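The sequence and structure come first.

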Amino acid sequence: MKTLRTLGTLAVAGSVLALLPVGSAMAAGSGDTTATFTLAGGSLDVAPAANAPLTNGAPGAASVTGSLGAVGISDTRGSTAGWVMSAASTTFVDGAGSVSTGVSYDSGAATGHAGTVTPTTGGPTSITAVASVAAGTAASGNNTASYTPTLTVSLPASALAGDYTGTVTTSIV
């Protein structure tokens, strides 16, 4: 008899549990989860051409001009900081000791850009000391730009015939 009463109690309890909707505990309340992540910033880089043979000068030429080749800028910092490209040149010298009297850098208009940035040019700029030659403004997020600058090396009337060499250093901040 006691066994039948126990079985009856279990049957009633099982029936009550079977009537409860699945997930009824979830319906009693809710909660929010704040999800977060970090987007890492990269770097700001400039890649000038390694070598640039300028146009050879005619006898007595006051200057020599030529392309410095492609200069690429890559900004993966993911910021709105923009960038400024600068350049500086050594004096151009030949083996006999003749030297240039000035060096001018003209980035020209950007030959391309991607992302959100407005690339600008500084126009012809003396780079016998470090000088700003181009900039990227109104930047937002990652961006790239490219230029094909022109270099003009001024020579004195007393310049000697010879093979002249100089170094142009391009930097970006």
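Arg 77 is partly exposed, with a relative accessible area of 25%; partly exposed covers the range between buried, under 20% relative accessible area, and exposed, over 50% (1.4 Å probe, protein chains only). Arg 77 pairs with Asp 75 in a salt bridge whose closest N and O atoms are 2.9 Å apart. A salt bridge here requires a side-chain nitrogen of Lys or Arg within 4 Å of a carboxyl oxygen of Asp or Glu. Asp 75 itself is buried, at 0% relative accessible area. One salt bridge is found in a search of the whole structure.

The model is predicted: local features need pLDDT of at least 70, side-chain atom pairs count only at pLDDT 80 or more, and totals for chains, interfaces and linings use all residues. Residues are numbered from 1 along each chain as its sequence is written, and side-chain values use heavy atoms, with hydrogens and water left out.

Two helices and 10 strands make up the secondary structure of the chain, taken as DSSP runs numbered from the N terminus (helices H or I, at least four residues; strands E, at least two). In sequence order the pattern is α-α-β-β-β-β-β-β-β-β-β-β. Among contacts (heavy atoms within 4.5 Å) with a separation of 6 or more, 74% join residues 24 or more positions apart. Of the 173 residues, 25% count as buried. The accessible surface is about 10700 Å², with 60% belonging to carbon and sulfur atoms; the areas come from the Shrake-Rupley method with a 1.4 Å probe, and for residues only the protein chains shown count as cover.

The largest nonpolar core has 24 residues, and Ile 73, Trp 83, Met 85, Tyr 105, Ile 127, Tyr 147 and Leu 151 touch the most other members. Strand 3 (71-79), strand 4 (83-89), strand 5 (102-106), strand 8 (131-147) and strand 9 (150-154) each give two or more residues to this core. Strand 8 supplies the largest share, six residues. Such a core is a set of buried Ala, Val, Leu, Ile, Met, Phe, Trp, Tyr and Cys residues joined through side-chain atoms within 4.5 Å.

Ser 89 lies in strand 4, and Thr 170 lies in strand 10 (residues 168-172). Ser 89 touches Val 103, Ile 127, Thr 128, Thr 167 and Val 168, leaving aside residues up to four places away in sequence. With the same exclusion, Thr 170 touches Val 46, Pro 48, Met 85, Ser 86, Ala 87 and Tyr 105.

| Residue | Relative accessibility |
|---|---|
| Ser 89 | 12%, buried |
| Thr 170 | 16%, buried |
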